[in-house]
Amino acid sequence: MPQPERRYVITFGCPDRTGIVARISSFLAEHGGWIVEAAYHTDPATNWFFTRQEVRADSLPFGVAELRERFGLVARELGANANWRVTDTGERRRVVLLVSKEGHCLYDLLGRVASRELDVDVPAVIGNHTDLAGITRAHGIPFHHVPFPAGDPEGRQAAFAQLRQLVDAHRPHAVVLARFMQVLPTELCADWAGRALNIHHSFLPSFVGARPYHQAHSRGVKLVGATCHYVTAELDQGPIIEQDVIRVDHTDSIPDMVRKGRDIEKVVLARGLRWHLEDRVLVHGNQTVIF
């Protein structure tokens, strides 16, 4: 399979004003940068400017480290401060998956990785139950079991410490809660901010928390959905990356809704993860811009 063209991806946000696009474009042109994809957006409510640029790596006379150093001067000049990033598509993306017992999202992601539709490295799957160890190892991926004892605060604290150690050892670009049915503590949410993605089995902000399909059924809804969002300390309230829905009606039982919802969950999680890994998601407060 031919290797994709190597590119540097610049994502950037700053207070809006005239001349931002011209300044970025002239900086890249000065060094021979060949822009192959560019997107822009201004939010009039916050007066904030967003952009994502892809540049051919072979068009620049220096590597990604020097590009970061040089572009950092431009970013500070425009007031971006910490709201910018330069990444290299030549660096393999690493994803750690967290699971519990339900396997539909894990099966889907492993299938996409195996077929190279999602061309990433998955160095570990970590579960608080062992139900999905077999399928994980069948794909040649190490499975780590970290039990979370109910009603034992000290034991749970130790389990989260072990989880953190296992995840951080791989320096992942994404930590995916693929129906991992444990609420991350505040300190982990902070440490993994902007990298931890969750799939919630409802169309947020409706039906947060546990048993959303039961909640939906009791309300007689006509659509059920799924939401991929970044994990924050506030349960199911993180910035939303992707959502989708499927129609249901009065004849659908709760198991029917669960079955239909699982199809949506898989697609939404895969889309959200891909966009995150391609640096297409820019977060501003609790909102996102997807390029």
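Two strands are said to pair if DSSP finds at least two bridges between them. The structure described here is a predicted model. By that criterion, strand β2 (residues 35-43) pairs with β3 in the antiparallel sense, over eight bridges. Within this pairing, Glu37 stands opposite Glu54 of β3. The hairpin of β2 and β3 has four residues between the strands, and Asn47 takes a positive phi near 55 degrees there.

Strand β3 also has β1 (residues 7-15) as a partner, again in the antiparallel sense, with nine bridges. Pro15 has Trp48 in β3 as its bridge partner.

## Burial of strand β3

Strand β3 (residues 48-56) is mostly covered, with nine of its nine residues buried. In a regular strand, side chains alternate between the two faces of the sheet. Both faces of β3 are covered. One side carries Trp48, Phe50, Arg52, Glu54 and Arg56, the other Phe49, Thr51, Gln53 and Val55, and all of these residues are buried.

## The seven-stranded sheet

An open sheet of seven strands runs in the order β7-β6-β5-β8-β9-β10-β11, and its pairing is mixed. Its edge strands, each pairing on one side only, are β7 (143-145) and β11 (240-247). From one strand to the next, the twist averages 20 degrees.

Thr227 stands opposite Gln243 in β11. Strands of a sheet pair through backbone hydrogen bonds, either parallel or antiparallel.

## Helix α3

Because eight of its 11 residues are buried, α3 is largely enclosed by the rest of the structure.

The buried residues of α3 are His104, Cys105, Leu106, Asp108, Leu109, Leu110, Arg112 and Val113. The elements against which the buried residues of α3 pack are β5, β6, α4 (133-138), β8, β9 and α8 (254-277). After α3 comes Arg116, whose phi is positive, near 65 degrees.

## A nonpolar surface patch

Phe203, Leu223 and Val245 form a nonpolar patch on the surface. Together these residues have about 230 Å² of accessible area. Leu223 belongs to strand β10 (residues 223-230). Leu223 counts as partly exposed because its relative accessible area is 42%, a value between the limits of 20% for buried and 50% for exposed.

## Val283 in strand β12

Val283 is located in strand β12 (residues 281-284). With a relative accessible area of 41%, Val283 is partly exposed. Not counting residues up to four places away in sequence, Val283 touches Tyr230, Pro239 and Thr288.

A separation across the chain can also be given for this residue. Val283 and Asp131 are 152 residues apart along the chain, and their C-alpha atoms are separated by 35 Å.

Terms used:
Residues are numbered from 1 along each chain as its sequence is written. This is a predicted model: local features need pLDDT of at least 70, side-chain atom pairs count only at pLDDT 80 or more; totals for chains, interfaces and linings use all residues. Side-chain values use heavy atoms; hydrogens and water are left out. Helices (H or I, at least four residues) and strands (E, at least two) are DSSP runs, numbered from the N terminus. Buried means under 20% relative accessible area, exposed over 50%, partly exposed in between (1.4 Å probe, protein chains only). Contact means heavy atoms within 4.5 Å. Patches are made of residues with over 30% relative accessible area and no salt bridge: like charges are joined within 9 Å, nonpolar side chains (Val, Leu, Ile, Met, Phe, Trp, Tyr) within 5 Å. Accessible areas come from the Shrake-Rupley method with a 1.4 Å probe; for residues, only the protein chains shown count as cover. A salt bridge is a side-chain nitrogen of Lys or Arg within 4 Å of a carboxyl oxygen of Asp or Glu. Axes are lines fitted to C-alpha atoms, for helices over the stretch in contact, and angles run from 0 to 180 degrees between N-to-C directions.
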